[in-house]
Amino acid sequence: RTGKRGGEFVNLFLTISIKHLVADTGNEKWIKLGLALAYISGIALILCSFLLPSHAASFIVPMSFYTIGFGFAAAPLNRMTMMSTSESKGAATAIFYLSMATLGTIMSLGISVLGKGIVSSCLFIAAAPAIAFLTHKKL
């Protein structure tokens, strides 16, 4: 019972702290940090798929950092998307997540066409942040 309350306190503390960090540093820095972390994790994912293809940790560890990087970049981008339109927030959210689902479907199709091995999956996973990181311009 105490552990649950402690977890809620930590969650509340982190939420408030991150809110202030983003307010102090701005969205651009978090987007760049997230893209860089996802890009580096994507490279590590490809290397691990070649060097240790049969070890689960060689996929799980880089994907954990990839997910953290995605979270750093996606949260401010999501907020900026919702605030940049005069359309209703429901319509903006629907279009935003429809585009995410479409890109996910295209990535799944690419993985299935390219091959069934771990290396091809890792290449597709690493391609998204690499393209975003290399083409990112000042917002």
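Student: Why is Ser58 called buried?

Tutor: This is a predicted model. In it, Ser58 has a relative accessible area of 10%. Buried means under 20%, so Ser58 is buried.

Student: Where does Ser58 lie?

Tutor: In helix α3, which spans residues 57-83.

Student: What makes the pair of Ser58 and His55 a polar contact?

Tutor: The distance between a polar atom of the Ser58 side chain and the backbone oxygen of His55 is 2.6 Å. The cut-off is within 3.5 Å, so the pair counts as a polar contact.

Student: Which residues does Ser58 touch, leaving out those up to four places away in sequence?

Tutor: Leu45, Cys48 and Leu52.

Student: Why is Leu37 called partly exposed?

Tutor: Leu37, in helix α2 (residues 27-51), has a relative accessible area of 23%. Buried needs under 20% and exposed needs over 50%.

Student: How far apart are Leu37 and Phe72 in sequence and in space?

Tutor: They are 35 residues apart in sequence and 8.9 Å apart in space, C-alpha to C-alpha. Leu37 touches Phe72, and also Phe65, Ile68 and Gly69.

Student: How do the axes of helix α4 and helix α5 cross?

Tutor: The axes of α4 (residues 89-114) and α5 (residues 118-135) come within 9 Å and cross at roughly 150°. The crossing is right-handed. Met107, Gly110, Ile111 and Leu114 of α4 meet Ser120, Ser121, Phe124, Ile125 and Ala128 of α5.

Student: What classes of residue make up the contact of α4 with α5?

Tutor: Six are nonpolar, three are polar and none is charged.

Methods. Residues numbered from 1 in each chain as written. Predicted model: local features only at pLDDT ≥ 70, side-chain atom pairs only at ≥ 80, totals over all residues. Heavy atoms only, no water. Helix = DSSP H or I, 4+ residues; strand = E, 2+ residues; numbered from the N terminus. Buried < 20%, exposed > 50% of the residue type's maximum accessible area, 1.4 Å probe, protein only. Polar contact = N/O pair within 3.5 Å; in protein donor to acceptor, adjacent residues only side chain to side chain. Contact = heavy atoms within 4.5 Å. Axes fitted to C-alpha atoms, helices over the stretch in contact; angles between N-to-C directions. Left-handed = near helix turned anticlockwise from the far one by under 90°. Nonpolar A, V, L, I, M, F, W, Y, C, P; charged D, E, K, R; others polar.
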